Amino acid sequence: MSAKSILCSAILAAGLGFSGTALADSSDPIKIAIHNWSSQIVGAHVVGKILNQAGAEVEYVPSDSQVAYTSMCEGDIDVVHEVWQGSFGVAFEKVVKQGCVIDAATHDAKTREEWWYPLYVEKLCPGLPDWKALNACAELFAAPETKPKGRFLAGPVDWLKHDAERVKALGMNFEVVNAGSASALWAELASAEKRNAPIVLFNWTPNFIEAVYQGKFVEFPPYGKGCRTDPSWGINPSMTYDCGNPKGGYLKIGVWSGVPKKWPNAYKVIQKINFTNHDIAVMAKLADVDGMEPEDAADKWLADNQAKWRAWLSDSSS
Ligand code: TMO
């Protein structure tokens with residue numbers, strides 16, 4: 001830590017202790033989860049650096065993005081700052097209900113995670129983005145290992161999208177193939193686009209993709225509350241997952257239930273952290289398009305957004 005940032009932290013810590021009755025934060029590091037997609041990795045460092053400015057020590061803990069929620073209950077992770085409703089809503093809401101995780105904040109960002117195709121695919125498969133049209137063209141997307149079924153290139157397994165269940169519930173002629181990493185998804189997309197080859201793959205928004213490629217999400221039967229839990233819900237009366245993922249899904253911050261007592265001042269800051277769609281897309285772009293290392297990308301975002309995050313550090317609106 002530089003002398004300047006120590007001074008800064010001291011001033012901020014003094015400012016946060018302003019009320020006189022405020023309790024001091026524990027000097028233990030706050031453990032921030034690191035997952036396997038770029039906006040999250042950059043953002044974790046942004047959150048960590050903001051908490052450093054508030055006088056906290058932090059530690060970055062690489063974590064499977066599903067296991068993270070039980071890890072919070074077991075005291076191994078304190079903060080998950082990108083809780084996507086589509087991928088993690090079920091795991092997150094379960095531990096919130098159990099009482100070991102707090103739904104600490106909701107970002108302004110609205111999210112969508114769904115099957116997606118580059119725009120030129122519409123010429124090859126008329127009727128898109130409707131899922132029935134996609135299904136009618138399934139063989140167009142076949143790979144040697146899925147033929148005659150189409151291949152849906154899904155994300156890494158820990159994003160747990162229940163795509164195989166959906167394929168079954170909707171009676172689709174597709175096979176789900178999981179990519180090993182986010183960068184494997186983007187490499188396949190780049191290669192397909194060069195050849196104008198048919199491809200349908202997992203994508204999400206906000207992401208850097210929208211700044212680089214034109215494309216659309218597939219429109220499945222709309223998501224509804226009972227879709228994932230109640231077989232009788234939806235167009236298939238005996239199966240769950242007969243719907244798409246939520247549109248306009250939430251992006252939340254979850255913390256271990258002990259955080260407010262252990263780090264009361266840092267917790268106040270965490271509750272104010274609020275990323276927009278643009279913020280998340282920029283964090284992804286700094287890493288995926290500009291090729292910056294996560295820490296450097298975080299420094300760049302912080303330098304470009306001072307007014308925004310400095311307001312989160314002030315005690316005025318708590
Ligand atoms: C959780 N993710 C943003 C990769 O869909």
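A: In this predicted model, domain 1 (24–110 + 249–314) and domain 2 (112–228) each contribute residues to the shell around the ligand, so the ligand lies between them. The space that the ligand takes up is the largest cavity, and the elements that supply two or more residues to its shell are helix H4 (85–98) and strand E8 (201–205).

The residues around the ligand are Trp37, Trp84, Ser87, Phe88, Glu113, Trp159, Phe202 and Trp204. Sorted by class, this shell has six nonpolar residues, one polar residue and one charged residue. Glutamate 113 places a polar side-chain atom 2.5 Å from an oxygen atom of the ligand. Taken alone, the ligand exposes 210 Å², of which the protein buries 100%.

In the loop between helix H8 (182–195) and E8 lies asparagine 196, a residue other than glycine whose phi is positive, near 55 degrees. Proline 206, in turn, has its place in the loop between E8 and helix H9 (209–212), and the peptide bond that joins threonine 205 to proline 206 is cis, with omega about 5 degrees.

A further cis peptide bond runs from leucine 128 to proline 129, where omega is near 15 degrees; proline 129 belongs to the loop between helix H5 (121–124) and helix H6 (131–136).

Definitions and conventions. Residues are numbered from 1 along each chain as its sequence is written. This is a predicted model: local features need pLDDT of at least 70, side-chain atom pairs count only at pLDDT 80 or more; totals for chains, interfaces and linings use all residues. Side-chain values use heavy atoms; hydrogens and water are left out. A residue is near a molecule or strand if one of its heavy atoms lies within 4 Å of it. A polar contact is a pair of N or O atoms within 3.5 Å; within protein, one must be able to donate a hydrogen and the other to accept it, and residues adjacent in sequence count only if both atoms are side-chain atoms. Accessible areas come from the Shrake-Rupley method with a 1.4 Å probe; for residues, only the protein chains shown count as cover. On a 1 Å grid over the protein atoms alone, a cavity is a set of points where a 1.4 Å probe fits but cannot get out, and a pocket is an open set with protein on both sides within 12 Å along at least five of seven lines; lining residues have an atom within 4 Å of a point. A molecule sits in a cavity or pocket if more than half of its atoms lie within 2 Å of its grid points. Helices (H or I, at least four residues) and strands (E, at least two) are DSSP runs, numbered from the N terminus. Ala, Val, Leu, Ile, Met, Phe, Trp, Tyr, Cys and Pro count as nonpolar, Asp, Glu, Lys and Arg as charged, and the others, Gly among them, as polar. Domain bounds come from an automatic or database domain assignment.
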